[in-house]
Amino acid sequence: MPTSFPRLRDHLLDPSGGLVYHLRARRQRHRNWAAFHAAVAGWLDGWRIAEKELVIVGPNAGYALPGGFLSRFDGVVALEPDPLARHLLARRHDATALRFDRLDSLRTPDGLAWLAARFPHAAFLFSNVLGQISAPAEDWSALLQRHLAGRTWASYHDVISTLTAPSYRDTLTITETESLETTLARFWPGQAITVTDHATFRLSGTGPFAYAPWPITGTRWHLVEWVAHRAQDQAQVLTLLPDDACPPATLR
Ligand SMILES: C[S@@+](CC[C@H](N)C(=O)[O-])C[C@H]1O[C@@H](n2cnc3c(N)ncnc32)[C@H](O)[C@@H]1O
């Protein structure tokens with residue numbers, strides 16, 4: 001790994017955020033986005049973890065984060081390239097233990113490795129960002145598995161986007177193994193729809209997975225997936241072993 005970490009560059013006009021996102025969020029958060037934000041609040045409420053430090057990747061101004069969420073942690077670090085979003089996030093009532101960091105964990109193939117190393121005790125929340133940014137190598141599932149398998153993380157992210165409104169609009173949790181087509185048919189039953197695939201379906205491979213539709217604009221819908229990854233107990237197993245025991249590779 002190189003010695004200096006990839007740095008976030010400020011942006012205000014980015015397709016995955018920026019001024020347009022602030023305008024939309026301010027207009028829609030209590031209207032068309034309210035049901036989706038309620039779904040996110042439910043997912044986060046159910047995400048009870050042992051870590052006291054949380055790193056949020058792509059929080060923007062926290063429009064989707066329910067009030068009080070940040071105070072659940074002793075320390076919160078936000079990785080967010082939009083300076084206006086950082087300013088607004090810092091003004092939240094529950095942002096008392098918030099700080100910002102300049103690591104860009106998403107731009108380079110080793111970004112998630114930097115994330116794990118820079119915040120060795122934290123859990124990570126990818127806040128509707130992985131479906132917006134192409135993985136810098138392979139795909140996000142492979143990178144998460146390689147660099148964050150031993151850590152606690154959760155993500156909600158776009159799986160597909162489409163111009164066709166879904167007929168089923170509630171949140172769904174799916175425990176069985178099924179294809180993207182089968183999941184889409186739950187929200188668009190009996191409809192042939194044209195979609196943009198954001199290459200994040202069943203991120204990480206282990207479920208359960210939850211889904212909620214998000215009407216990002218008056219005409220465009222995203223299907224958003226929630227997944228919570230529990231740290232694999234590799235570290236725990238290793239601490240039980242004497243120093244001269246088998247190498248870790250044989251234990252997994
Ligand atoms: C679709 S918005 C989601 C915002 C917010 N989490 C929400 O759910 O409303 C994606 C966010 O990711 C941020 N972002 C873009 N590139 C990023 C990067 N490399 N690292 C961290 N955040 C990034 C954008 O600035 C934007 O705030």
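Trainee: Why is Lys-52 called partly exposed?

Mentor: This is a predicted model, so we count C-beta atoms placed from the backbone. Lys-52 has 13 other C-beta atoms within 10 Å. Exposed needs 12 or fewer, and buried needs 20 or more. The count of 13 lies in between, so Lys-52 is partly exposed.

Trainee: Where is Lys-52, and what is it in contact with?

Mentor: Lys-52 sits in the loop between α2 (34–46) and β1. Leaving aside neighbours within four places in sequence, its contacts are Phe-73, Asp-74 and Gly-75. Contact here requires C-beta atoms within 7 Å.

Trainee: What makes strand β2 largely enclosed?

Mentor: β2 covers residues 75–79, and four of these five residues are buried. Each of the buried ones therefore has 20 or more other C-beta atoms within 10 Å. So the rest of the structure largely encloses β2.

Trainee: How do you know that β1 and β2 pair?

Mentor: Pairing takes at least two bridges. Five bridges join β1 (residues 53–57) to β2, so the pair qualifies. The two strands run parallel. Glu-53 stands opposite Gly-75 in β2.

Trainee: What makes β2 and β3 a pair?

Mentor: Three bridges link β2 to β3 (residues 98–100), again in the parallel sense. At least two are needed, so this pair qualifies too. Val-77 stands opposite Arg-99 in β3.

Trainee: Why is the unit of β2, helix α3 and β3 called right-handed?

Mentor: Point the strands away from you. The path from β2 over α3 (residues 83–90) to β3 then runs clockwise, so this β-α-β unit is right-handed.

Notes. Residues are numbered from 1 along each chain as its sequence is written. This is a predicted model: local features need pLDDT of at least 70, side-chain atom pairs count only at pLDDT 80 or more; totals for chains, interfaces and linings use all residues. Helices (H or I, at least four residues) and strands (E, at least two) are DSSP runs, numbered from the N terminus. Two residues are in contact if their C-beta atoms, placed from the backbone, lie within 7 Å.
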